[in-house]
Amino acid sequence: MTDHRFLRALRREPVDTTPVWIMRQAGRYLPEYRATRERAGSFLALAKTPELACEVTLQPLDRFALDAAILFSDILTIPDAMGLGLHFIEGEGPKFHHPLRSAAAIRKLGVPDPEADLRYVTDAVRLIRRELADRVPLIGFSGSPWTLACYMIEGGGSSNFSRAKALMLDDPATMHHLLDINARAVTAYLTAQAAAGAQTLMVFDSWGGMLSAQSFPEFSQRYLASIASELKSNAATRDIPLILFSKGANVHLEGLADSGCDALAVDWTISLSEARRRVGDRVALQGNLDPATLAANPDAIREQVRITLDSFGEGPGHVFNLGHGITPDIDPDHVAVLVDAVHEFGRT
């Protein structure tokens with residue numbers, strides 16, 4: 001098996017050049033993705049059909065010299081498997097038919113069996129690994145316990161997730177019960193993805209930054225650390241790199257670095273030099289170009305790539321990425337400029 005530069009960077013080992021992949025690299029900015037999505041008929045049909053999920057996972061790799069593939073799926077597969085009824089409304093995003101609106105509903109939840117209730121995901125992982133033929137490593141992922149809880153309680157997206165926060169404040173015991181179930185479900189789900197062939201695991205704490213400085217350690221970080229601890233104590237997953245991404249939670253970098261993960265992804269509101277100073281050599285860093293940079297001209301993109309690489313500085317332990325997902329309006333040619341610039345300027 002190839003010792004890929006992406007995996008070496010996550011282990012903070014020397015690489016020939018900085019590896020790069022892009023959050024949401026398989027997505028609506030690619031015309032071939034839009035064609036496959038239309039053929040599928042819906043986003044959920046696309047995500048729940050392993051052959052189509054494999055197809056769109058591989059599409060960006062056929063265009064760009066990316067150093068990793070990421071499973072095409074959605075962070076809300078777990079609550080869907082719990083019976084909440086995930087669906088998507090055009091222009092509004094994900095919704096649940098059965099949001100959690102009572103402590104009784106929360107107490108009825110159970111941890112899904114990934115190979116039974118989420119078999120379409122593990123089947124997709126197996127198929128993608130086979131089709132990749134070790135070209136690049138495959139990343140499996142999940143939403144974080146807190147982020148899943150936000151959607152499960154709110155019933156969809158929100159600008160402030162006030163229902164979730166109200167439950168957290170009014171009935172912390174019930175919220176902790178939900179977060180514990182979610183943490184066990186995420187651990188089982190990631191373990192199953194690893195067994196199916198995922199070579200790196202990532203947890204997206206998309207709404208961790210919505211929590212106050214006082215609430216974050218108790219209601220998000222604690223459960224991220226629990227997942228990391230379980231994965232690292234399991235012989236089947238202990239050697240698989242774990243990346244945590246808690247968007248907007250830069251004030252908690254030190255605590256996140258001590259959670260047991262191998263790498264922290266950081267958004268673009270902090271410099272890599274500051275992040276590196278604060279976490280030391282405890283973890284690798286992933287990031288962190290502002291996604292809007294890709295709307296600029298190619299020369300500007302190349303310059304911002306150089307600035308980002310310079311901010312990380314010398315030495316191993318950097319995976320280049322955006323500070324959040326690529327947006328649908330981006331010209332694919334600009335992505336090629338970014339990927340090539342990372343490999344050019346990131347040579348060691």
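Reader: How many residues line the largest pocket, and which lie nearest its centre?

Author: Bear in mind that this is a predicted model. The lining of the largest pocket runs to 41 residues, and R24, R28, F43, D74 and F88 are the ones nearest the centre. Helix 2 (31-40), helix 3 (43-47), strand 2 (86-89) and strand 3 (93-96) are the elements that each give two or more residues to that lining. The space in there comes to about 1400 Å³.

Reader: What makes a residue in the lining of the largest pocket nonpolar, polar or charged, and how many are there of each?

Author: It goes by residue type: Phe counts as nonpolar, and Asp and Arg count as charged. So F43 and F88 go into the nonpolar class, while R24, R28 and D74 go into the charged one. Over the whole lining, the tally is 21 nonpolar, 12 polar and 8 charged residues.

Reader: And the second largest pocket: which residues are closest to its centre?

Author: That pocket holds about 350 Å³ of space. Its lining has 21 residues, with T18, G313, G315, G346 and T348 closest to the centre. Helix 15 (residues 298-312) gives the most to the lining, namely 4 residues. By class, you get 8 nonpolar, 8 polar and 5 charged.

Reader: Why is something called a cavity and not a pocket?

Author: A cavity is a set of points where a 1.4 Å probe fits but cannot get out, whereas a pocket is an open set. The search of the whole structure turns up 1 cavity of 30 Å³ or more. The largest cavity has a volume of about 30 Å³.

Reader: Which residues line the largest cavity?

Author: L244, S246, N250, L253, L256, L264, A265 and V266. Strand 6 (242-246), helix 13 (253-257) and strand 7 (263-265) each supply two or more of the lining residues. The lining splits into 6 nonpolar and 2 polar residues, with no charged ones.

Reader: Why are C54 and C150 called buried?

Author: Buried means under 20% relative accessible area. C54 has 5% relative accessibility, so C54 counts as buried. C150 is at 0%, so C150 counts as buried too.

Methods:
Residues numbered from 1 in each chain as written. Predicted model: local features only at pLDDT ≥ 70, side-chain atom pairs only at ≥ 80, totals over all residues. Heavy atoms only, no water. 1 Å grid on protein atoms, 1.4 Å probe; cavity = no way out; pocket = protein on both sides within 12 Å on 5 of 7 lines; lining within 4 Å. Points joined across faces, edges and corners; volume = space filled by probe spheres on them. Buried < 20%, exposed > 50% of the residue type's maximum accessible area, 1.4 Å probe, protein only.
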